Amino acid sequence: MNYRGYAGFSHAQKDKVGVLITNLGTPDAPDTPSLRRYLKEFLSDPRVVEVPRVLWWLILNGVILRIRPRRSAAAYKTVWTEQGSPLMFHTEAQAKELQASLAKDYGDDVVVRFAMRYGSPGMASVLDEMLSSGVRKLVLLPLYPQYSGATSGSTFDALARDFLQRRWLPDLRFISHYHDDAGYIDACVQQIKAFWQQHGRPQKLIFSYHGVPKNYLLKGDPYHCECHKTSRLIAEQLELGKDDYLTTFQSRFGREEWLQPYTDETLKALPDLGVKNVQVFCPGFSADCLETIEEIGEENREYFEQAGGEHYAYIPALNASEPHIAALTALVKRELQGWAIGAGDEEREQRAAARERNYGKLTNQD
Ligand SMILES: C=CC1=C(C)c2cc3[nH]c(cc4nc(cc5[nH]c(cc1n2)c(C)c5CCC(=O)O)C(CCC(=O)O)=C4C)c(C)c3C=C
Ligand SMILES: [Fe+2]
Ligand SMILES: [Fe+2]
């Protein structure tokens with residue numbers, strides 16, 4: 001086995017702490033070939049679709065990848081901007097702001113990078129750049145507040161797969177979830193309150209999360225419970241009563257049952273129950289993307305209005321807002337505790353020079 005090392009390593013290289021934030025990934029362009037590539041990688045992940053491999057290969061290649069790329073490309077075109085995919089530019093901004101925020105305490109001892117689980121920039125190439133430039137301690141922070149095997153679990157898989165081929169592994173911390181973190185809850189609360197100041201309060205606030213097959217819950221995935229806990233904690237801070245909010249699940253895929261209640265069915269039913277004024281917030285999406293801008297902002301608005309709803313609003317995701325970056329900064333700083341950062345730089349430089357001078361000699365190395 002040829003394990004990969006770091007070419008050009010020098011003892012004088014300064015040890016760094018790396019923070020790798022990740023999100024799901026997005027196509028390179030809103031066109032059919034890019035969507036086919038992206039969906040093929042994403043939907044081939046057994047963590048995402050738990051169907052026996054041979055059967056799934058046939059369905060994916062024989063049916064889904066023939067139909068869905070064109071349909072999804074049309075949807076992506078409606079959200080694409082001059083800066084590209086929203087998921088990409090928000091994640092990039094989050095990395096930049098988190099870097100600036102951590103630099104206040106750690107200077108250039110801590111480097112922040114972002115990668116995507118599927119598509120580019122891929123985790124392997126970003127990890128390579130980080131580790132080659134001296135990152136010896138790594139914090140992996142997938143930007144999924146609620147843990148699911150399909151998302152956070154799969155992100156860890158990608159890291160582990162990369163590490164299997166490496167010679168020199170860094171110390172590692174993995175932030176697998178932060179659904180009940182006080183800073184994250186506070187960022188959600190601030191986002192909602194700021195929206196209310198401009199637009200007023202709704203009759204009902206809907207917390208809509210990306211769904212997963214119900215079977216994942218039955219097999220022990222904590223995602224469903226974590227979503228409900230996030231909703232409850234936000235609602236408590238906003239002093240909402242039991243009837244003032246709902247937790248629903250969106251973005252169903254395929255024919256099997258997913259977590260219920262479904263967001264679209266709920267929005268179609270609410271006007272008949274006398275609820276004509278709703279706002280939707282998506283706590284599980286750390287950045288706006290196709291699923292929030294198009295599905296919640298457009299498609300579900302139509303369902304609600306066609307069913308007799310009168311006021312519908314989507315409250316934007318946390319994106320690179322100041323409270324969100326403050327929450328992520330606090331999360332990372334908590335993980336960094338116990339790691340000596342930037343300690344003994346001068347001494348290290350002197351010893352490093354001596355070590356390289358004395359390599360192989362009959363003398364103790366220090
Ligand atoms: C097929 C099964 C899918 C599972 C399970 C799933 C879980 C899941 N996804 C997110 C977050 C995002 N998903 C996004 C897009 C998206 N998701 C699926 C399918 C599953 N997701 C598809 C096929 C797509 C692509 C779009 C489409 O063709 O409809 C996105 C948006 C990406 C973007 O580029 O904007 C996000 C974010 C979570 C959090 C989750 C489970 C908890
Ligand atoms: Fe998804
Ligand atoms: Fe539950």
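1. Two residues are in contact here if their C-beta atoms, placed from the backbone, lie within 7 Å. The model is predicted: local features need pLDDT of at least 70, side-chain atom pairs count only at pLDDT 80 or more, and totals for chains, interfaces and linings use all residues. Residues are numbered from 1 along each chain as its sequence is written.

2. UniProt, in an unreviewed entry, lists His-210 and Glu-291 under "binding site"; such annotations may be inferred rather than shown by experiment. The two are spread over 82 residues of sequence, yet their largest C-alpha distance is 8.1 Å.

3. His-210 lies in strand β5, residues 204-210 (strands are DSSP E runs of at least two residues, helices H or I runs of at least four, numbered from the N terminus). Beyond four places in sequence, His-210 is in contact with Gln-250, Ser-251, Gly-284 and Glu-291. His-210 is buried, because 27 C-beta neighbours fall inside 10 Å (buried means 20 or more other C-beta atoms within 10 Å, exposed 12 or fewer, partly exposed in between).

4. Glu-291 sits in helix α10 and is also buried, with 21 other C-beta atoms within 10 Å. With residues up to four places away left out, Glu-291 touches His-210, Gln-250, Ser-251 and Phe-285.

5. Strands β7 (277-281) and β8 (311-315) run parallel and are joined by five bridges (pairing needs at least two DSSP bridges). His-311 in β8 is the bridge partner of Asn-277.

6. Asp-243, in the loop between α8 (223-237) and β6 (245-250), is exposed, with 9 other C-beta atoms within 10 Å. Its C-alpha atom is 7.5 Å from that of Lys-204, 39 residues away along the chain.

Note on methods:
Chains are lettered from A and ligands numbered from 1 in the order in which they are written.
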